[in-house]
Amino acid sequence: MPLETDVDITPPGQRPDQDPSLATRNNGGTTPSADPAPPGRREALLVLGFGGPQGPDDVMPFLENVTRGRGIPRERLLDVAEHYQHFGGISPINEQNRALVAAVEKELAAAGTDLPVYWGNRNWAPYVEHVWAQMADDGVEHVYVFPTSGFASWSGCRQYHEDVARARSVLTGAAPGGGPTAEKLPHYGDHPGFVQANAEALAAALAQLPDDVRDTARLVATAHSIPDTMAAVAGPTGGAYQEELRRSARLVVDAVAPGREFDLVWQSRSGPPSVPWLEPDVNDHLRALAADGVPAVVLFPIGFVSDHVEVVWDLDNEARETAGELGMTFVRSGTAGTHPAFVAMVRELVEERRTGTPPRLGTNCPAHCCFVAPRPRPTP
């Protein structure tokens, strides 16, 4: 069942975009440090995901939980619900996160790193609030949070800080100070492990194309569209969502075909039609490419870390169908998933924080970073 998420995580007398930042408050009131972790501190890693339904009866409550207070038309929710029901009402993201946790546990053990790994979600069981309580019961004192999103934005970064703050706030009555302190791991779209995993997937996708179109196929990176207002405040100075995604896509393409052109487009829009979101939509872009005579396209979903519903439905079904109607050859590249380089990246990000390096964006975010003013609640 959905949890009540209307928990006030802002201290009295402070605005959400004022210091001390979420990163500082979640870290127990201290700015994330460049010093090594204190000896003997009991630490853990939390893989923090979006969440997804685990059966047909979960689908609509899950979607209502995700979109609460955002003015999403019910017709859109019903459309998306059909996508989940296509998979038996079970989101692929759950098993993918379990597989990632297992792979990271194995990677840490092989490196001789004694660090328990937990899994929690924002929008469905296992909820982060429940997992936080379990970590407190297990005696964990400090948590490194790995989000299944590697880029700046409210939904891709700040909201993960808020998830942790909410979990700690809920726990305050049971454990002094909200249980373990925490620091979110930094953005990783330009990390060599993420780049390698996506580059190898892109190379494999290109190899699937017929010889006569391989060199002329258009490379198209996709990421989740977000409202223009959210994109404008992403990062310390705004615009970081698109900037980080373009950099990541450039690194991936250059690892496979240096200098080759690519496009960055958007998918999976869910907001009301009256609210501007990032464009062009991937399907509109495919139509524009076809009008320009492009014979083939390779989509690589750089904004996603695993093949969940918004990849396997929005791209493998809807975008593929659009390309077919246009007579374009279509191939979709894989996501990072449990690629060994991506799994090793998670370990490296944890080691970076444990051994002492200057905290990067995503870990030490300014108080105003990615802040989006909440929608006013309707008057009862």
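**Close-up 1. The second largest cavity.** The second largest cavity of this predicted model has a volume of about 50 Å³. A cavity is, on a 1 Å grid over the protein atoms alone, a set of points where a 1.4 Å probe fits but cannot get out, and lining residues have an atom within 4 Å of a point. Grid points are joined across faces, edges and corners, and a volume is the space filled by probe spheres set on the points. Around this cavity you will find Ala23, Asn26, Pro32, His161, Val164, Ala182, Glu183, Lys184 and Thr363. Helix 1, helix 6 and strand 4 (181-184) each give two or more residues to this lining, and strand 4 gives the most, with three. Helices (H or I, at least four residues) and strands (E, at least two) are DSSP runs, numbered from the N terminus. By class, the lining divides into four nonpolar, three polar and two charged residues. Here Ala, Val, Leu, Ile, Met, Phe, Trp, Tyr, Cys and Pro count as nonpolar, Asp, Glu, Lys and Arg as charged, and the others, Gly among them, as polar.

Residues are numbered from 1 along each chain as its sequence is written. As the model is predicted, local features need pLDDT of at least 70 and side-chain atom pairs count only at pLDDT 80 or more, while totals for chains, interfaces and linings use all residues; side-chain values use heavy atoms, with hydrogens and water left out.

**Close-up 2. The largest cavity.** About 70 Å³ of space lies in the largest cavity, and the count comes to two cavities of 30 Å³ or more. Its lining consists of Ser21, Leu22, Ala23, Cys157, Arg158, His161, Cys365, Pro366, Cys369 and Cys370. Cysteine 370 is found in the segment after helix 14 (340-355) and counts as buried at 1% relative accessibility. Buried means under 20% relative accessible area, exposed over 50% and partly exposed in between (1.4 Å probe, protein chains only).

**Close-up 3. The second largest pocket.** A pocket is an open set of grid points with protein on both sides within 12 Å along at least five of seven lines. The second largest pocket holds about 260 Å³ of space. Of its 17 lining residues, His187, Asp190, Glu244, Arg247 and Leu361 lie nearest its centre. The lining has five nonpolar, seven polar and five charged residues.

**Close-up 4. Helix 3 and its packing partners.** Helix 3 (residues 74-85) has 12 residues and reaches 16 Å from its first C-alpha to its last, close to the 16 Å expected at 1.5 Å a residue. The expected span is 1.5 Å times one less than the number of residues. Leu77, Val80, Ala81, His83 and Tyr84 are buried in helix 3. Seen down the axis of helix 3, these buried residues fall within an arc of 150°, so they line one face of the helix; the arc is that of the directions from the helix axis to the C-beta atoms. Glu75 and Glu82 are exposed on the other side of helix 3. The buried residues of helix 3 pack against helix 2 (59-67), helix 12 (309-312) and helix 13 (314-326), where contact means heavy atoms within 4.5 Å. In helix 2, seven of the nine residues are buried, so this helix is largely enclosed by the rest of the structure.

**Close-up 5. Glycine 49 in strand 1.** Glycine 49 sits in strand 1 (residues 43-49) and counts as buried at 0% relative accessibility. Leaving aside neighbours within four places in sequence, glycine 49 is in contact with Asn97, Gly120, Asn121, Arg122, Thr148 and Tyr160. Tryptophan 124 is 75 residues away along the chain, with 9.4 Å between its C-alpha atom and that of glycine 49.

Close-up 6. A cis peptide bond joins alanine 125 and proline 126, with omega about -5°. Another cis bond joins glutamate 279 and proline 280, with omega about 10°. Proline 280 is found in the loop between strand 6 (262-267) and helix 11 (282-291). Serine 268, also placed in the loop between strand 6 and helix 11, has a positive phi of about 65° although it is not a glycine.
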